[in-house]
Amino acid sequence: MTTAGKFLTGTTAGLILAALVGVAPAVAHHSSTPFYDATKKAEVQGTVTKFLIRNPHSFLYFDETTPQGKVEWQIELGTAASLTRTGWTAETLKPGTAIKVSGQPSRAEGSHGMCCARITRPDGSPIMQGGRLTEEQQPPR
Amino acid sequence: MKITCAALIALGSALAIQTVQAQAPATPARPAAPTAPARQAGDRPPSLADPTTATGRKVDISGTWNGGGRARPVNSENYPWTKENFPVLNERGLAYQKVFDEALAPKYDCVPSTSPAIQYDPYNMQVIQWPDRVLFRYEKDDQVRTVWLDDRQPTVQDYSLQGFSKGHYEGNALIVETDHFLFDITGFDDYNGIPSSQMKKVTEKYWKENNELKMTLTLEDPMFLRQPASYTTRWLPLPASYELTAWECDPETSRAPVKMMVPKYK
């Protein structure tokens with residue numbers, strides 16, 4: 001695994017690494033443009049409530065604690081295939097795990113969503129070290 | 001600037017990707033072939049041991065194929081329909097495109113994509129060739145298209161999302177012609193909001209070049225297009241041991257992104 005890869009986590013890492021090593025990308029179900037604002041960035045800390053590895057999109061849900069109460073965030077991730085190929089499982093982000101997420105915020109008024117997210121522990125360290133497919137599993141070039 | 005998850009992948013893959021500009025090779029005139037007796041849907045297929053078909057000699061394109069970012073630019077607003085080959089819409093097509101609302105795109109309810117989009121989805125595909133048919137299995141949305149190589153004809157019962165496909169071998173290529181599609185609000189392209197109608201006809205030409213599977217797709221739909229539109233693409237081979245995984249689209253997460261979008265209509 002590359003040095004860069006070790007410090008890139010979450011979907012971003014998965015996708016970039018997947019792309020760099022040539023794993024068939026399994027996103028591209030829809031454009032992110034109508035849903036998320038690529039010109040803005042959101043960064044939020046919270047506690048995982050639900051991690052769904054599904055097709056066509058996986059989703060991570062977490063609660064942010066604010067002075068006004070809890071806010072539920074919905075983070076759009078890649079397909080089940082893309083996540084599992086990069087080493088993620090349902091156990092990777094168990095309910096109760098503290099995380100920090102940065103990414104493109106959702107556009108709808110009052111919504112709390114992100115895509116194209118970088119997910120780390122609150123101190124910025126990776127969620128997991130390594131944990132991805134090995135060279136021999138890649139499709140031939 | 002539009003930035004998509006697909007674009008992120010495409011960016012990362014840039015070094016490995018080359019835009020496929022290849023054109024379908026010229027093929028000789030279709031050779032005369034013995035005529036097979038007309039068959040009806042539901043008839044027992046001919047012997048699977050027969051290596052040839054009634055319409056020409058078999059061209060081997062079987063196997064599992066990678067249609068992901070290593071093979072070609074990932075689909076987006078700009079692929080496979082680029083500035084050079086973007087379809088010329090008629091007034092009806094332009095009107096539908098103008099009123100299109102992303103929220104009602106069928107894909108957010110696990111409805112699979114159809115030709116000509118399904119061939120360009122960035123996922124894996126398997127081709128299985130039998131004497132009387134060719135099966136195209138798509139990893140995304142668990143879709144299977146059957147291309148009949150015999151002389152059966154479609155009935156009114158054959159209108160469907162993937163239409164009715166018949167094919168034949170011609171020179172070094174498999175030619176597939178599909179019609180009997182249902183109206184689909186994103187049936188031409190689900191990134192640019194272009195529909196397709198029951199008048200849609202799709203012709204695909206598959207051939208192998210080196211170790212790659214190539215295809216030129218041409219589409220006609222006079223209900224929405226002023227003239228046919230076409231693109232050429234490729235797949236890369238996957239290891240023989242690779243097996244397609246079940247997609248099992250989840251309705252809940254399929255529609256989940258929609259609430260993040262500013263509604264077009266209130």
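Q: Where is A:K94 found in chain A?
A: A:K94 is in the loop between α3 (80-85) and β4 (98-105) of chain A. Those labels are DSSP runs numbered from the N terminus: helices are H or I with at least four residues, and strands are E with at least two. Before we go on, this is a predicted model, where local features need pLDDT of at least 70 and side-chain atom pairs count only at pLDDT 80 or more, while totals for chains, interfaces and linings use all residues. Residues are numbered from 1 along each chain as its sequence is written, and chains are lettered from A and ligands numbered from 1 in the order in which they are written.

Q: Why does A:K94 count as exposed?
A: A residue is exposed if 12 or fewer other C-beta atoms, placed from the backbone, lie within 10 Å of its own, buried if 20 or more do, and partly exposed in between. A:K94 has 9 C-beta neighbours inside 10 Å, so it counts as exposed.

Q: How far is A:K94 from A:A117 in sequence and in space?
A: They sit 23 residues apart in sequence and 18 Å apart in space, going C-alpha to C-alpha.

Q: What makes β2(A) and β3(A) a pair?
A: Two strands pair if DSSP finds at least two bridges between them. Strand β2 (residues 59-66) of chain A and β3(A) have eight bridges and pair in the antiparallel sense. One bridge links A:Y61 to A:Q74 in β3(A), and a hairpin of two residues joins β2(A) to β3(A).

Q: How many bridges join β3 to β5 in chain A?
A: Two bridges join strand β3 (residues 69-76) to strand β5 (residues 113-120), and these strands run parallel. That meets the cut-off of at least two. A:Q74 turns up here too, with A:G113 in β5(A) as its bridge partner, and A:I75 stands opposite A:M114 in β5(A).

Q: In what order do the five strands close into a barrel in chain A?
A: The order is β1-β2-β3-β5-β4, and the pairing is mixed.

Q: And what about chain B: how many helices and strands does it have?
A: Chain B has three helices and 11 strands. From the N terminus on, its elements run α-β-α-β-β-β-β-β-β-β-β-β-β-α. Of its 266 residues, 41% are buried.
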